[in-house]
Amino acid sequence: MAKLELLPAVDVRDGQAVRLVHGESGTETSYGSPLEAALAWQRAGAEWLHLVDLDAAFGTGDNRDLVAEVTRAMDIKVELSGGIRDDASLAKALATGCTRVNLGTAALETPEWVAKVIAEHGDKIAVGLDVRGTTLKGRGWTRDGGDLYETLERLDKEGCARYVVTDIAKDGTLQGPNLELLRNVCAATDRPVVASGGVSSLDDLRAIAQLVPLGVEGSIVGKALYAKAFTLEEALEAVAE
Ligand SMILES: O=C(O)c1ccccc1NCC(=O)[C@H](O)[C@H](O)COP(=O)(O)O
């Protein structure tokens, strides 16, 4: 059985590594330098980094130069997310040398552009399906953006390579992942799925790893690592079993 990939998260707001609750602006807990956090995950054995520019996602500015600096400093694969919505922001994101970008709002608001960049860049493009219930959310998870399964069907037809699926109700809460949502999305698409939001324990990661045969490829882990619920070394060992 393929191993579950782990993507420790570094979410950047106003130059700092932060965690949010339910992705809501104003709920930040700060964890210092994003570069130091990213290097710590790399030293701990991460093969991937999930790096989010929250200001770009919320439209409160951006941390693009810092995010580029962090990406360039990494020897591991980087998934870049947050505010990548047009040719200019996509070009800047890809120029960092990241392995792939994660598009959210654009997939809801400018579907023609997303279809075009999927055709141009293939698996360098993932789409983030950030949901409350089955309603997608864009603009930093603040605005409704349509039905999850209708959008998934459209993106599948356009050749989208993979999806990053977040249950916003779980994100940053340490309440455990929404396994039912992950199962449902895997049943609706043959593309790989990266799980995001709510991981609280090694058992949560083992439960997500059970979904690898259904199509779950990886899991993002944020708050649990910063809250020291377990170490990244322990997490990597748990999913290697
Ligand atoms: O990814 C985004 O674009 C984004 C936009 C607005 C708010 C939050 C956003 N991302 C948050 C993440 O990707 C988290 O790092 C991830 O879901 C980890 O969640 P958790 O393990 O529950 O801390």
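At 11% relative accessibility, Asp-130 counts as buried, because buried means under 20%. The model is predicted. Asp-130 is found in strand S7. Beyond residues up to four places away in sequence, Asp-130 touches Thr-135, Leu-136, Lys-137, Trp-141, Val-164, Thr-166 and Ile-168.

Asp-130 carries an annotation together with Asp-11. In the unreviewed UniProt entry, the annotation "active site" covers these two residues, Asp-11 and Asp-130. From this set, Asp-11 and Asp-130 are taken into the lining of the largest cavity.

Asp-11 lies in strand S1, which runs over residues 5-13. With a relative accessibility of 10%, Asp-11 also counts as buried. The contacts of Asp-11, leaving aside neighbours within four places in sequence, are with Gln-16, Ala-17, Val-18, Arg-19, Val-52 and Leu-54.

Strand S7 (125-132) is also a packing partner of the buried residues of helix H6. Helix H6 spans residues 111-121. Its buried residues are Pro-111, Trp-113, Val-114, Val-117 and Ile-118. These residues lie on the same side of H6, because they cover an arc of only 155° around the axis. An α-helix has 3.6 residues a turn, so residues three or four places apart point the same way. On the other side of H6, the exposed residues are Glu-112, Ala-119 and Glu-120.

Besides strand S7, the buried residues of H6 pack against helix H4 (87-95), strand S6 (100-103), helix H5 (105-109) and helix H7 (148-157). Just after H6 comes Gly-122, with a positive phi of about 55°.

The largest pocket was examined next. Its volume is about 200 Å³. H1 supplies the largest share, 4 residues. The lining consists of Glu-36, Ala-37, Ala-40, Trp-41, Ala-44, Leu-225, Tyr-226, Lys-228, Phe-230, Thr-231, Leu-232 and Glu-233. By class, the lining of the largest pocket holds 8 nonpolar, 1 polar and 3 charged residues.

How values were computed:
Residues numbered from 1 in each chain as written. Predicted model: local features only at pLDDT ≥ 70, side-chain atom pairs only at ≥ 80, totals over all residues. Heavy atoms only, no water. Buried < 20%, exposed > 50% of the residue type's maximum accessible area, 1.4 Å probe, protein only. Helix = DSSP H or I, 4+ residues; strand = E, 2+ residues; numbered from the N terminus. Arc of directions from axis to C-beta. Contact = heavy atoms within 4.5 Å. 1 Å grid on protein atoms, 1.4 Å probe; cavity = no way out; pocket = protein on both sides within 12 Å on 5 of 7 lines; lining within 4 Å. Points joined across faces, edges and corners; volume = space filled by probe spheres on them. Nonpolar A, V, L, I, M, F, W, Y, C, P; charged D, E, K, R; others polar. UniProt positions renumbered as here; feature names shortened; annotations may be inferred.
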